[in-house]
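I opened this notebook to record what I looked up in one structure. The entries follow in the order in which I made them.

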Amino acid sequence: MSELYPVPPDFAADARIDKAQYEERYAASVRDPEAFWADVAKRLDWITPPTRIKDVSYARDDVHIRWYEDGVLNVAANCLDRHLTERGDKTAIIFEGDEPDDARHITYRELHSEVCRFANALRHLGVEKGDRVALYMPMVPEAAVAMLACARIGAIHSVVFGGFSPDSLAGRIADSACKVVITADEGVRGGKKIPLKANVDAALERDGTRSVETVVVVQRTGAGVHMQSPRDRWYHSLVEGQSEDCPPEPMNAEDPLFILYTSGSTGKPKGVLHTTGGYLVYSSYTHECVFDLKEDDVYWCSADVGWITGHSYVVYGPLANGATTVMFEGVPSYPDASRFWNVIDKHKVTLFYTAPTAIRALMREGDEPVTRTSRRSLRVLGTVGEPINPEAWEWYHRVVGDERCPIVDTWWQTETGGILITPLPGATDLKPGSATKPFFGIQPAVVDTEGKPLEGACDGNLVITDSWPGQMRTIYGDHQRFVDTYFSTYPGNYFTGDGVRRDEDGYYWITGRVDDVINVSGHRIGTAEVESALVAHAKVAEAAVVGCPHDIKGQGIYAYVTLVSGIEPDDALRDELVRWVREQIGPIAKPDFLQWANALPKTRSGKIMRRILRKIAENQPEALGDTSTLADPSVVDTLVHERLSQ
Ligand code: WTA
């Protein structure tokens, strides 16, 4: 039995949703989803309110997902204009720069005017409704401005995390044929500079990127960068003299809002497509309920806008709710291990949302960097991105939250647009390590490998049996891949790719990916991407990549490499290959371990047995299981021997 942390009674007394309300509302949401979601949609300002609420089919030969399909609205107007009368002078964004003396408050009125001016600038550059715009930005307010400006004129943004390499950026620009790229001269994180503009220049030399007509450059560090005329334009000169009046484009609820690329188990990254109405209803509603949002809260989600968490819970959810949202440019360890807690004290943060990997890294620094700060303002703590181990959960609860603050362990995915399984802080008794219960309208099920639904306490694969408004609609340009990836494994259900255990109280415990996706520090990396980067090196004949346990990152990247015959392995080559992957994909994909393999374990038909490689990487040779189907079982002995002697 795991320990139960009941809802603190004084928290429940003031909460938006208590236990009885959760039960009642959840029952209503699954009894009549249309009525439920029609009602929730009223939280937004619609130009034309929707009358057709839900049209969904998960049938393999006809997968379609539509919500509010006759509704018309604009996302930027919902995040800005409608707040101006009541909240014009309220802070929308608190920017906390990389250096602790660099902070700025931006009111809703100021943000509205900046977004309008930049939206007009984009229109002047010829950007029209439906055009794709890539963002390759540091965590500065202009990133949010650019997203909202795209939304205002109906352009589809595609944010690419600033840690990705020029090649990765080029692939994403090419896949969706972006017309404009918005970037900065440089980014700064933890005192280190990131050459964003130079990376864009390199990316635009790659094949397939000729769709790009303009590069807009935000001046962040003032570093000298090469501006290529007439392609490259400074952000500040573009917005200068633009009008603050920019009528928002009326968008159909099912018009695309953004594309966000994420790794899958095979092939190149998928362009996850989210649309306008359902996404904003879902991201704003979950944000309000899961964090028990109140008017005076100061909310901080430490995610980068390059990930879905940054989209839904730094920008769109909070701003649609008229909240104050903190944008942090830096890292938890700079200038020292108290940075998070100092920022919380400085801005009186009440709701704080971060990743388990950050918690584990800070926990290693001991309690003192935390306890020397106050943190009295905090009310709710949250985590996202990967399973949180109970030790880290308890430390977060005891040391960071002084045992006062409920922790919301939120499970969701790029594909889901918003949080699906989570505690509600005023309603759910907590168990460390469990994402607990489904959010309103979410119907999870656990199935075995044959797809048979399991009852009661069980262990299996997590599927969702019916849609919710924030669900992705398709993979950009490849609907068949969407169907194959998510709706063919367990027909009639959305397959999450995650394993799960449900306990006797109906609590869900996510056990991690069951496909070939590795979750490194909460970031998804496809093993196939790392493998193709490795085999692109002239000295590599073959590579297999699996995940392995890692104290801080949750999972690390473990690569087995077979060299071209005649090439001798040595440490210099190992370093070179690690650097090579870093350059090809980005620092987040850098292998943590690289083991030379004379040969890889394969079936007689030539398929690499990853299950075995995973066990070797996990250092569990006793759990290898049946190796008799291998073409050459002795390969395994060698790999185990070399792993053990490392
Ligand atoms: C994992 C991030 C356990 C999971 C929002 C999922 C989690 C993948 C949790 C999605 C959690 C996310 N507990 N595992 N609370 N949250 N995951 O697309 O494996 O970057 O499938 O979205 O992260 O990662 P993504």
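**Aromatic pairs**

I took rings of Phe, Tyr and Trp (its six-membered ring) as paired if their centres lie within 6.5 Å, with planes under 30 degrees apart counted as stacked, over 60 as edge-to-face and the rest as tilted. I then looked up Y313 and W412, an edge-to-face pair at 5.0 Å centre to centre with 85 degrees between the planes. Y313 belongs to helix α12 (residues 308–320) and W412 to the loop between β20 (407–410) and β21 (444–447), so this pair ties together parts 99 residues apart in sequence. Helices (H or I, at least four residues) and strands (E, at least two) are DSSP runs, numbered from the N terminus.

**Basis of the entries**

I note that the model is predicted: local features need pLDDT of at least 70 and side-chain atom pairs count only at pLDDT 80 or more, while totals for chains, interfaces and linings use all residues. Residues are numbered from 1 along each chain as its sequence is written, and side-chain values use heavy atoms, with hydrogens and water left out.

**Salt bridges**

D297 sits in the loop between α11 (277–290) and β16 (298–301), and R379 in the loop between α15 (368–371) and β19 (380–384), 82 residues apart.

**Domain interface**

I next consulted the domain assignment (bounds from an automatic or database assignment), which gives domain 1 (9–80 + 89–425 + 441–501) and domain 2 (515–642). The contact (heavy atoms within 4.5 Å) takes 25 residues from domain 1 and 24 residues from domain 2. The C-alpha centres of the two domains lie 32 Å apart.

I looked up the area buried between domain 1 and domain 2 (accessible area, 1.4 Å probe, lost on putting the two parts together and summed over both); it is about 1800 Å², with carbon and sulfur atoms giving 47%. S263, S265 and W307 supply 26% of the area that domain 1 buries against domain 2, more than any other three residues.

Which salt bridges cross this interface? I found one by the rule. I also recorded that E415 forms a salt bridge with R524, the closest N and O atoms being 2.9 Å apart.

Definitions and conventions. A salt bridge is a side-chain nitrogen of Lys or Arg within 4 Å of a carboxyl oxygen of Asp or Glu.
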